Amino acid sequence: MGARGRKLAYAAAGALLVSLHVFWAARWAGGQRASAPWDPAVHLDTAADYRDALKAGSLGGLLLTKTKPGHPPYPPLYHLSLIPLLGTERPDAAVAVLNLLWLALLGGGAAWVALRAGGGGAGALAAGAAVTLSPSLVRLHREAFPDPAMAGLVAAAYAVGLASEGFSKRRWAWAAGALA
């Protein structure tokens with residue numbers, strides 16, 4: 001198989017992987033009828049706290065959002081990304097679709113690291129598939145847990161850090177800092 005054929009095969013395999021995740025998320029979200037369990041419900045409630053602080057224009061409310069019992073202070077980006085879902089009929093089910101974006105960031109970051117490490121297209125596809133098909137992530141991405149988002153940000157920061165070539169490329173270095 002030539003280089004063009006390999007690229008097409010990798011693209012097709014990547015599209016199949018994405019389609020599988022979309023199918024799982026849609027199937028789960030469509031069949032979800034029970035309310036969110038305690039932990040995901042608390043994350044949705046934290047997102048509502050951020051929404052309320054934004055509506056009030058309260059910088060202090062954004063920076064000093066109270067933690068919930070049994071929850072450490074999580075980085076706010078994930079909870080901020082949940083805000084648009086709070087107006088939906090079933091935010092606990094819609095979160096599975098949002099988390100596909102975080103899972104894509106994780107898989108893309110892992111694939112980029114594999115490419116930078118010399119793994120080629122096959123290595124990149126294997127890295128992206130291995131990390132996104134991890135049973136714990138497949139389970140976690142269906143509910144409002146920040147773990148896949150934080151893992152995606154770490155993978156992207158690591159990949160961008162590698163692209164900065166020892167932080168000698170200023171734009172990549174700034175991007176790595178922003179992601180971290």
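User: Among contacts between residues at least 6 apart in sequence, what share joins residues at least 24 apart?

Analyst: A contact means heavy atoms within 4.5 Å. In the protein chain, 69% of the contacts between residues at least 6 apart in sequence join residues at least 24 apart. Bear in mind that this is a predicted model, where local features need pLDDT of at least 70, side-chain atom pairs count only at pLDDT 80 or more, and totals for chains, interfaces and linings use all residues. Residues are numbered from 1 along each chain as its sequence is written, and side-chain values use heavy atoms, leaving out hydrogens and water.

User: Thanks! How many helices and strands are there in the protein chain?

Analyst: Helices (H or I, at least four residues) and strands (E, at least two) are DSSP runs, numbered from the N terminus. Here you have nine helices and zero strands.

User: And how much of the protein chain is buried?

Analyst: Buried means under 20% relative accessible area, with a 1.4 Å probe and protein chains only. Of the 180 residues, 38% are buried.

User: Where is the largest pocket, and which residues lie nearest its centre?

Analyst: Rolling a probe the size of a water molecule over the atoms shows where empty space is left. On a 1 Å grid over the protein atoms alone, a pocket is an open set of points where a 1.4 Å probe fits, with protein on both sides within 12 Å along at least five of seven lines; lining residues have an atom within 4 Å of a point. The largest pocket has 17 lining residues, with Leu-17, Val-18, Leu-103, Ala-104 and Thr-132 nearest its centre. Two or more lining residues come from each of α1 (3–31), α5 (91–116) and α6 (120–132), and α5 gives the largest share, seven residues.

Terms used
Buried < 20%, exposed > 50% of the residue type's maximum accessible area, 1.4 Å probe, protein only.
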